[in-house]
Structure formats: structure tokens, C-alpha cells
Amino acid sequence: MIDTFLAWAQAFMLQVALAVRSGRSLAVPAVSSLFFLYVLLRGIRPLSASRFWKVVSVIPAFLGAFHILIYLSLSRMDMRPDGLQTPLTILSFISAVVILWALLLICRDICLACRVLLRRLVRRGKADNTLPDPARRQFLLNGGLLLSAGVMGGLGARNALGAPKIIPSVITVPRLPSSLDGLRIVQLSDLHVSDVITRAWVRDVVEKVNALQPDLITLTGDFVDGHPRELMKDIEPLADLRAPCGVHACTGNHDFYSGLKDWLPRFRELGLGVLRNEHVVLDVKGTPLTIIGLHDLNERVRGQGPNPVQALKGAPEGGFRILLEHHPQEAPKRTPFADLMLCGHTHGGQLPLLAPLVRRANNGFIAGSYHVGDMRLYVNRGTGVWGGLPLRLGVPAEISLLTLRRPA
């Protein structure tokens with residue numbers, strides 16, 4: 001037991017050091033270290049193996065549980081080593097397995113505790129002799145749960161790092177002018193270009209989007225995780241996006257973390273119409289179509305948060321308005337300013353166990369289409385994935401193909 005806590009304490013101190021170095025709060029090491037501690041106590045310590053093999057098994061558990069801060073530390077380096085994609089992908093898989101193993105251990109222990117409590121209540125305090133035998137407990141603890149975590153981790157990592165799916169949706173908008181009926185919009189969000197999401201992946205996404213021949217392309221933030229010196233070559237294929245009404249975008253929290261001041265001119269060099277509390281008016285078949293883009297919520301720390309009133313200064317009255325904002329949680333406050341709002345940020349929750357927390361944190365909006373008063377909201381599930389949690393189960397990566405329709 002003492003050795004277990006010493007291993008956890010040493011790992012926790014390293015986590016704190018990594019958090020300080022990457023400029024992050026201690027919330028990440030606190031959560032990661034709890035996962036690591038649970039795996040140590042309930043997964044590794046009870047193993048019927050020699051001390052040597054237990055120590056060896058701690059290494060991947062440590063790397064997996066602390067993968068997020070390792071990733072953050074690397075992403076903050078101005079000059080990172082080359083060839084990180086393969087080791088980071090392997091580390092991502094290990095992380096997925098450890099996180100899922102910890103969650104399965106927690107669920108199993110809760111179920112066993114409830115079972116024991118129920119048996120004791122039924123038997124009025126008598127000893128419960130019907131618990132699984134030691135061999136079965138060992139299988140549930142090690143073989144069964146670890147195998148399940150490995151399978152789910154592999155599937156989750158493949159889903160997260162693979163090609164996104166094209167998800168078509170028909171959005172019925174009350175105030176849609178007849179000239180815009182049938183307008184086709186492709187929405188990309190949360191690309192998270194990094195050492196994990198690279199140029200070949202971006203190129204494939206661009207080819208898929210252009211093959212859809214949309215009228216309008218929108219990007220709703222979180223383009224990158226890292227500095228332009230490292231990632232410019234990977235994001236360059238976005239310059240080939242093509243649509244008659246252009247490519248328009250807003251920024252997200254990860255763009256802010258990655259040095260937005262350095263990235264903004266690069267985005268515009270690529271022909272991405274990044275709107276910063278601004279609007280642009282398009283003429284579509286004689287109808288004014290106003291595209292609005294807002295700052296990310298995190299920019300409020302610098303007094304530069306989203307401001308739809310400022311964004312609409314000088315905009316024509318009437319017409320149809322599409323609002324781009326990274327976070328969906330402010331949607332009820334945006335109804336006076338737009339007919340259609342496009343957001344990202346949530347990644348659809350990524351995992352069934354995370355979905356309720358993500359939904360709560362985003363005012364109930366997590367994925368797909370919503371009616372918010374007379375405004376329609378669409379939340380993209382994320383086209384890419386953040387390298388700190390490259391895991392998707394039951395939530396596909398998404399290229400949204402939205403067709404706007406008038407009510408019948």
C-alpha cells in the first residue's frame with residue numbers, strides 16, 4: 001500500500017510540474033491523478049503477478065493517465081521534435097485504454113457495492129456468501145475489464161483519428177426567403193490540427209467538402225493546437241476550399257490558447273474569412289445574406305468577448321442572418337440577432353459517460369439541430385478531435401451538410 005501511494009505521489013508531483021510548465025490549472029492533474037490512483041489500487045495492485053511485472057505495468061498506466069498534460073506540454077513548445085505523430089498516436093491509444101479501464105473499474109465497484117448492500121438488506125445483515133469466487137473476481141478485475149477497455153479504446157481511437165463522416169441534415173427555418181430555399185451549407189468545426197491531426201487528414205477533408213459542391217462553407221473554431229511555425233504546412237490545404245458564397249469562419253478557444261494573434265494573419269492568407277465580432281453581407285440571388293462571426297467566450301479575460309451588437313453595426317435591416325459562434329451555450333441570448341446559428345465545441349460529448357456533463361456545461365446543447373425560439377441552432381459534433389482526448393464512442397466525427405428549407 002505504501003509503495004502504491006508513493007508511486008501516485010511522485011506521479012502527481014510530476015503532473016503539477018507539467019501543468020505549471022504548460023500554463024494550465026491544476027484541475028487537469030487532479031483529475032488525471034485520480035484516474036491513475038484508481039487504476040493503481042483497483043487494477044494493478046491486486047494482480048497475481050510478481051513485483052517486477054506490477055512495476056512494469058505502472059509505466060503504461062502512468063503514460064495513459066497523464067497523457068493530457070504530456071500532450072499540452074508538447075503543444076506549447078515553439079520548436080517540437082519531428083516525428084511525433086506515431087508516438088503520440090500510440091500514447092493516445094494507451095490513454096484511451098487507461099481512461100476506459102478506470103471507468104469500468106469504477107462502474108464494476110459501484111455494482112458490486114450495490115449488490116452486497118442489497119443482499120445484506122434482503123438477508124437482514126447476514127453474511128453474503130454468494131459473491132463471485134476469487135478466480136471470477138480476478139477475471140472481472142484484470143482479464144475481462146482490461147480486454148473490454150482495450151477493444152473499446154482501439155475502436156474509440158480509430159473513430160476519433162479516422163476520416164469524419166458526412167452527416168446531412170435538413171434545417172427548416174421560419175424566416176427563410178424563398179430565394180434561399182435549398183441553400184446548401186457545409187459546416188466544419190474543431191479540426192484541431194496538431195501532431196496527431198496532420199496535413200494528409202486535412203487534405204482528405206477538403207476533398208470531401210469540395211466534392212459536395214456546397215453553396216457556402218463555414219468553420220466554427222478550434223482550427224489548431226500549436227504554433228504556426230509547427231502547423232502551417234498541415235493547415236495549408238484549407239486554402240483549397242471552394243464555394244460560390246465563400247468560406248467564412250469564427251475562432252474557438254483552442255485558437256486563443258495557440259496564439260490567436262499569430263494565427264489570424266495566417267488564416268486570412270489561406271482565404272478563410274475569419275469574422276471577429278464582424279459581419280459580411282453576401283448577395284445571393286438578389287437576397288442579402290448576412291454572415292456574422294463572434295469572438296470566443298474565453299476572450300472575455302482580455303475584455304474582447306463575443307459582442308453581437310458590435311458585430312452587426314452597419315448591417316442591413318431585414319434579410320437572412322447566419323451567426324457563427326464556437327460555443328453553443330449562449331444560443332438563447334442570440335435569438336434577436338440571427339435566424340440560424342452554427343456552433344461546435346462540444347464534440348458531441350465523445351463518450352456516453354461524458355455526454356451528460358458536456359450537455360450540462362453547454363446549456364443543454366450538445367449535437368445536431370435545435371429550435372431556440374424562432375432561431376434554429378446546429379451544433380457540429382467536431383470534424384477532428386483534440387489530441388489530449390482522442391477517443392470517440394458512439395459519436396462520429398462530422399462534416400455537416402445542411403440544407404435550408406422553408407416551412408411547408
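**Figure 1. Surroundings of Thr251 in the predicted model.** Leaving aside residues up to four places away in sequence, Thr251 touches Gly221, Leu260, Leu264, Val274, Arg276, Leu294, Asp296, Glu299 and His326. The structure shown here and in the following views is a predicted model. Thr251 is placed in the loop that runs between strand 4 (247–250) and helix 9 (253–257). Its relative accessible area is 0%, and Thr251 is therefore buried, the limit being under 20%. One of its neighbours, Arg276, is also joined to Thr251 by a polar contact of 3.1 Å between the two side chains.

Figure 2. Strands of a sheet pair through backbone hydrogen bonds, in either a parallel or an antiparallel manner. Strand 1 and strand 12 (residues 398–405) run parallel and are joined by 8 bridges. Within this pairing, Ser169 stands opposite Leu402 of strand 12.

**Figure 3. Aromatic pairs.** The whole structure contains 4 aromatic pairs. One of them, Trp263 with Phe267, is stacked, with 5.3 Å from centre to centre and 15 degrees between the planes. Both residues belong to helix 10 (residues 260–269), where Trp263 and Phe267 are 4 residues apart, about one turn of the helix. Trp263 and Phe267 are both buried. Another pair, Phe365 with Tyr370, is edge-to-face, at 5.1 Å centre to centre and with 80 degrees between the planes. Phe365 has a relative accessible area of 10% and is buried; Tyr370, at 18% relative accessibility, likewise counts as buried because the limit is under 20%. Ring pairs also link Phe223 with Trp263 and Phe267 in a cluster.

**Figure 4. Salt bridges around Arg175.** In total, the structure holds 12 salt bridges. In the one between Arg175 and Asp374, the closest N and O atoms are 3.8 Å apart. This pair links distant parts of the chain, 199 residues apart: Arg175 lies in the loop between strand 1 and strand 2 (184–188), and Asp374 in the loop between strand 10 (368–372) and strand 11 (375–379). Arg175 is partly exposed, with a relative accessible area of 42%. A network of salt bridges links Arg175, Asp339 and Asp374.

Figure 5. A salt bridge of 2.8 Å, N to O, brings together the side chains of Glu325 and Arg334. Glu325 counts as buried at 1% relative accessibility, and Arg334 is buried with a relative accessible area of 5%. Glu398 forms a salt bridge with Arg381, in which the closest N and O atoms are 2.9 Å apart. Glu398 is in strand 12 and Arg381 in the loop between strand 11 and strand 12, so this pair ties together parts that are 17 residues apart in sequence. At 0% relative accessibility, Glu398 counts as buried.

Figure 6. Of the 8 residues of helix 8 (residues 228–235), 6 are buried, so the helix is largely enclosed by the rest of the structure. The buried residues are Pro228, Glu230, Leu231, Met232, Asp234 and Ile235. Their cover includes helix 7 (199–211) and helix 10.

Figure 7. In soluble globular proteins, nonpolar side chains tend to be buried together. The largest nonpolar core has 34 residues, of which Leu219, Phe223, Ile235, Leu238, Phe267 and Leu272 touch the most other members. At least two residues of this core are supplied by each of strand 2, helix 7, strand 3 (216–220), helix 8, strand 4, helix 10 and strand 12. Helix 7 provides the largest share, 5 residues. Phe267 touches Phe223, Val224, Ile235, Asp255, Leu272 and Val274, residues up to four places away in sequence not being counted. Another core, of 23 residues, lies apart from the largest one and has Ile167, Cys250, Ile291 and Leu404 among its members.

Key
Residues are numbered from 1 along each chain as its sequence is written. This is a predicted model: local features need pLDDT of at least 70, side-chain atom pairs count only at pLDDT 80 or more; totals for chains, interfaces and linings use all residues. Side-chain values use heavy atoms; hydrogens and water are left out. Two strands pair if DSSP finds at least two bridges between them. Buried means under 20% relative accessible area, exposed over 50%, partly exposed in between (1.4 Å probe, protein chains only). A polar contact is a pair of N or O atoms within 3.5 Å; within protein, one must be able to donate a hydrogen and the other to accept it, and residues adjacent in sequence count only if both atoms are side-chain atoms. Contact means heavy atoms within 4.5 Å. Rings of Phe, Tyr and Trp (its six-membered ring) pair if their centres lie within 6.5 Å; planes under 30 degrees apart count as stacked, over 60 as edge-to-face and the rest as tilted. A salt bridge is a side-chain nitrogen of Lys or Arg within 4 Å of a carboxyl oxygen of Asp or Glu. A nonpolar core is a set of buried Ala, Val, Leu, Ile, Met, Phe, Trp, Tyr and Cys residues joined through side-chain atoms within 4.5 Å.
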